[in-house]
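Work through the exercises below with the sequence and the coordinates at hand. Each task is followed by a solution in steps.

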Amino acid sequence: MDAMEVYTRLDRLRKIRDKEVVLITVDNELEDVVEIFSRLNSRGTRVTEADIYLGVVAARASGWVREEYLPFVESLTDSGFDVSPNLVFRTLTGIGRSRIRYKDIDDAFWNAENIKPAWERTKKAWSLTIRHLKDKGLAGNALLPSDNALVTLTALSAKFPDEPFDQTFYWFVQASRFARYSMSSTSSMEEDLKEVAEATSLKDALERLLARIRFLPKVTPEDFMRDFGDSRSGRLLLYLLVQRNGAADWDKRGIRVGYDSDGLLSGFSPQFHHIFPKAFIGGQHAAELTNALANIALIGPTINIRISKRDPMDYVRRYEITADKLKQQCIEADLVRTPLDEFPGWLQRRSEALSAAANDYLAILRGDLTIPTVAVQEEATEHAYDAA
C-alpha cells in the first residue's frame with residue numbers, strides 16, 4: 001500500500017470513536033435478559049444461547065474466558081479435536097450440573113466460585129477422554145458421526161475417572177452407530193446426563209445409557225454394503241477394525257495407519273481407498289457396489305495417489321502389498337486372483353468378514369454389560385441406520 005492508502009485506512013479506524021453506541025439497560029432475571037438479547041440480536045450475526053451465557057460468566061469471573069476457557073478450546077484443536085467452543089461449554093454444564101439446557105441451571109452456577117471448580121473437573125475429563133480415544137486409535141473427532149456424543153462421554157470420564165474404558169467405548173460406538181445424538185440431540189443428552197448423574201457405578205450408568213438406545217442388533221454384512229460416503233458410523237467402525245489389527249500402510253515404509261515414528265498423529269484422518277478403484281470398474285458394476293464400505297481400505301495419501309485406477313491384480317504386486325497387510329484390512333489374499341467380473345462375489349465375502357470382525361470386536365468391548373433385547377419396529381431401526 002502507498003502512504004495515502006495507509007492514511008485512509010487509519011482514518012477510517014479513528015472515526016470509530018465518533019460512532020454512537022446505543023446502550024439499553026434492563027433489570028430482569030437472567031433468563032429474561034438472555035431472551036431479550038436473543039431477540040434484539042436476531043437480525044445481526046447469529047449468537048447462540050451458549051455465547052450469551054458465556055458472556056454472563058465472563059462478567060462474573062473476570063479474565064476466566066480469555067485466560068482459561070478459550071486457550072483450552074484452542075489446545076483441544078491442537079490435539080486433533082477441533083470442537084466448537086459451544087460444545088465445550090456444554091460439557092462444562094453437563095459435568096457441573098448434569099444439564100445442557102442453560103435456562104434450567106440455577107443462576108448461582110454462573111458465578112466464579114461455582115464455575116471454576118466445575119471447569120477444573122471438565123478439563124481433567126477432556127484430557128482423560130482424549131487419552132482413552134487415542135488409545136483406541138482415534139486421533140481426533142473427524143471420524144465421529146456426532147461431536148455431541150462427547151458431552152456424555154466426558155461426563156462419564158468425570159464421574160468414573162479410574163474405571164477401564166472398554167465398556168464405555170462399547171456404549172460410545174453403539175451410540176454413534178444408532179445415531180443417538182443426531183436428532184433431538186438436546187433431549188437425548190439431557191436424558192443421558194441424568195442417567196450418568198443417578199448411576200451408582202460405571203456399569204450401572206452404561207446399562208442405563210444402552211437401554212435408552214433400546215435395540216442393539218448385531219452388525220450384518222448388509223451394513224458394510226452401504227455407501228461409504230453416506231455412512232459415517234460405518235466409516236468409524238471400519239476404521240476401528242483397522243486400528244484394532246494394527247494395520248500397516250500399503251507404502252514401502254509400512255508404518256501403522258495413522259502413526260509416524262513418534263506415535264499417533266493428532267487429527268489424523270485416513271484416505272478411503274476403493275480397493276477396486278472407481279475408474280477401473282467404470283460402468284461395469286453398479287455405483288452402489290463400487291462405493292460400498294466393503295470396497296474400502298484405509299491407507300495413507302501417498303500410496304492412494306500411486307494406486308490411482310490400477311487393477312488390484314496389478315497394484316498389489318507392483319507395490320509389494322503383502323498378504324499380512326491385506327489381512328489387517330480383512331482382505332483375503334485371493335484379491336490378486338479376482339477378475340473384475342467376480343467383483344460382486346468378492347465384495348460379499350469381504351462384507352461377511354468385516355461384519356464377523358465387527359461383532360467380535362464389539363463383544364470384547366462389551367464384556368459383562370447387559371444390553372437391551374426389546375425388539376422395536378423394523379422401520380425404526382432402519383431409520384436410525386439411515387440417520388447414522
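The model is predicted, so local features need pLDDT of at least 70 and side-chain atom pairs count only at pLDDT 80 or more, while totals for chains, interfaces and linings use all residues. Residues are numbered from 1 along each chain as its sequence is written, and side-chain values use heavy atoms, with hydrogens and water left out.

**Exercise 1. Describe the aromatic pair of Tyr-53 and Trp-110.**

Step 1. A pair of aromatic rings is described by the distance of the centres and the angle of the planes. Rings of Phe, Tyr and Trp (its six-membered ring) pair if their centres lie within 6.5 Å; planes under 30 degrees apart count as stacked, over 60 as edge-to-face and the rest as tilted.

Step 2. The whole structure holds 19 aromatic pairs. In one of these, the centres of Tyr-53 and Trp-110 are 4.8 Å apart and the planes make 35°, a tilted pair.

Step 3. Tyr-53 belongs to helix 3 (residues 49–60) and Trp-110 to the loop between helix 5 and helix 6, 57 residues apart, so the pair links distant parts of the chain. Helices (H or I, at least four residues) and strands (E, at least two) are DSSP runs, numbered from the N terminus.

Step 4. Tyr-53 and Trp-110 are both buried; buried means under 20% relative accessible area, exposed over 50%, partly exposed in between (1.4 Å probe, protein chains only). Ring pairs also join them to a cluster whose members include Trp-64, Tyr-69 and Phe-72.

**Exercise 2. What surrounds Arg-235?**

Step 1. Arg-235 is part of helix 11. Contact means heavy atoms within 4.5 Å; beyond four places in sequence, Arg-235 touches Phe-228, Gly-229, Asp-230, Phe-272 and Leu-293.

Step 2. Arg-235 is buried but has no salt bridge, as the nearest side chain of opposite charge, Asp-230, is 6.8 Å away. A salt bridge needs a side-chain nitrogen of Lys or Arg within 4 Å of a carboxyl oxygen of Asp or Glu; Lys and Arg count as positive and Asp and Glu as negative, with His and the chain ends not counted.

Step 3. A polar atom of the Arg-235 side chain lies 3.2 Å from the backbone oxygen of Gly-229.

Step 4. Arg-235 lies over the face of Phe-272, 5.7 Å from the ring centre (the criterion is NZ of Lys or CZ of Arg within 6 Å of the ring centre and within 35 degrees of the ring normal).

**Exercise 3. Is Glu-190 buried or exposed, and where does Gln-329 lie?**

Step 1. Glu-190, in helix 9 (residues 185–198), is buried because its relative accessible area is 9%. Outside four places in sequence, Glu-190 touches Arg-99, Ile-100 and Arg-101.

Step 2. Gln-329 is in the loop between helix 16 and helix 17 (343–366) and counts as buried because its relative accessibility is 1%. Its contacts beyond four places in sequence include Val-242, Trp-250 and Arg-350.

**Exercise 4. Which phi values do Ser-98 and Glu-320 have?**

Step 1. Ser-98 has phi near 60°, positive in a residue other than glycine. Ser-98 sits in the loop between helix 5 (85–97) and helix 6 (112–135) and counts as partly exposed, because its relative accessibility is 24%.

Step 2. Glu-320 likewise has a positive phi, near 55°. Its loop runs between helix 15 (312–318) and helix 16 (323–328), and at 57% relative accessibility Glu-320 is exposed.

Conventions: A polar contact is a pair of N or O atoms within 3.5 Å; within protein, one must be able to donate a hydrogen and the other to accept it, and residues adjacent in sequence count only if both atoms are side-chain atoms.
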